[in-house]
Amino acid sequence: MVLCGRGSLGVKSAKRRPGSLKRRPSRGRDALIVGLGFIFIGFLFMFIVLPQIANDFVVSQASSAANKAAFEAIPIGNDVVVHGELTGNPTIEGDAVVLVREQLEFTTTGNESDWDWEEIEREIPLLVLTIDGGSVVLTTVSGPVNLRGERHEVVDAVAGTGFADTFPYQEQRLAEGSTRTFTFKNGDQVTTLGTKAGENEIAIRELFGGTPAQLSAELAKGATIFTIGTWCLFGFGGLALLLAVWAAVRGRF
């Protein structure tokens, strides 16, 4: 009788190489990170972005100076809305006294690509705004200024070769490198919102082509959009946290 040692029958014992065990995806941790990220952004919107939008909306409703006498009665440092006509301002390009130019770019982030307008030039000098009974000076010392409402627009199109490399805009197709230029001119009726910075000066945050009522409606729309977006962030964040808890309960954290 021939005795065979253990393993001599040709059956090799299975040995696992270090690192051969695959780790399960930590879905719970991923959900936790995503959830906290959404909630963090939601709090930023709630405590930083929304209060400023709400304040501007309230100012647009209650702090409109209808004439120069009303403007002079407002204390320096208070927010104010003034409607009037741009007059006597030096031109920047052509007959424009305010200019913002954007260029069309095809951007790629990760695995996603999309068309986007990138600002490449902005010119907002000191401006004179004529109102009933006098005029005021508009400055940009308070920081970036939102330009919106009715503005003059000029599109400088770059021709493309087909649908794949062009972007639809105003009943035409634009290739990368096309520009659009928004301007205000002397004679335009605009509404400004900002802080009274001097006896005859406003540090503006908004330069709006239209009336105070139209600006107020625009701000209300923006506030509504940001409010809905904020609660959606909280909702998605809460859902992701619930998934993280569920993963922890099932031992997949």
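E12 and E13 form a hairpin, with two residues between the strands. Strand E12 covers residues 189–198, and strand E13 covers residues 201–209. The model is predicted, so local features need pLDDT of at least 70 and side-chain atom pairs count only at pLDDT 80 or more, while totals for chains, interfaces and linings use all residues. Residues are numbered from 1 along each chain as its sequence is written, and side-chain values use heavy atoms, with hydrogens and water left out.

**Strand E12 and its partners**

- Helices (H or I, at least four residues) and strands (E, at least two) are DSSP runs, numbered from the N terminus.
- E12 and E13 run antiparallel and are joined by seven bridges. Pairing requires that DSSP finds at least two bridges between two strands.
- E12 also pairs with strand E2 (residues 79–86), in the antiparallel sense, over seven bridges.
- Thr195 has a bridge partner in each of these pairings: Asp79 pairs with Thr195 of E12, and Thr195 pairs with Ala203 of E13.
- E12 is mostly covered, as seven of its 10 residues are buried. Buried means under 20% relative accessible area, exposed over 50%, and partly exposed in between (1.4 Å probe, protein chains only).

- Strand E9 (residues 166–169) pairs with strand E10 (residues 172–175) in the antiparallel sense, over four bridges.
- Pro168 stands opposite Arg173 in E10.
- Two residues lie between the strands of this hairpin, and Gln170 takes a positive phi near 50°.

**Arg101**

- Arg101 is found in strand E3 (residues 96–109).
- Arg101 has a relative accessible area of 15%, so it is buried.
- The side chains of Arg101 and Glu121 are joined by a polar contact of 2.5 Å. A polar contact is a pair of N or O atoms within 3.5 Å; within protein, one must be able to donate a hydrogen and the other to accept it, and residues adjacent in sequence count only if both atoms are side-chain atoms.
- Beyond its neighbours within four places in sequence, Arg101 is in contact (heavy atoms within 4.5 Å) with residues including Glu93, Glu118, Glu119 and Thr179.

**Helix H1**

- Leu44 lies in helix H1 (residues 27–62).
- With a relative accessible area of 34%, Leu44 is partly exposed.
- Leu44 belongs to a nonpolar surface patch of about 610 Å², made with Phe40, Ile41, Phe43, Phe47 and Ile48.
- Patches take residues with over 30% relative accessible area and no salt bridge; like charges are joined within 9 Å, and nonpolar side chains (Val, Leu, Ile, Met, Phe, Trp, Tyr) within 5 Å. A salt bridge is a side-chain nitrogen of Lys or Arg within 4 Å of a carboxyl oxygen of Asp or Glu.

Definitions and conventions. Areas by Shrake-Rupley, 256 points an atom, 1.4 Å probe, with all protein chains shown as cover.
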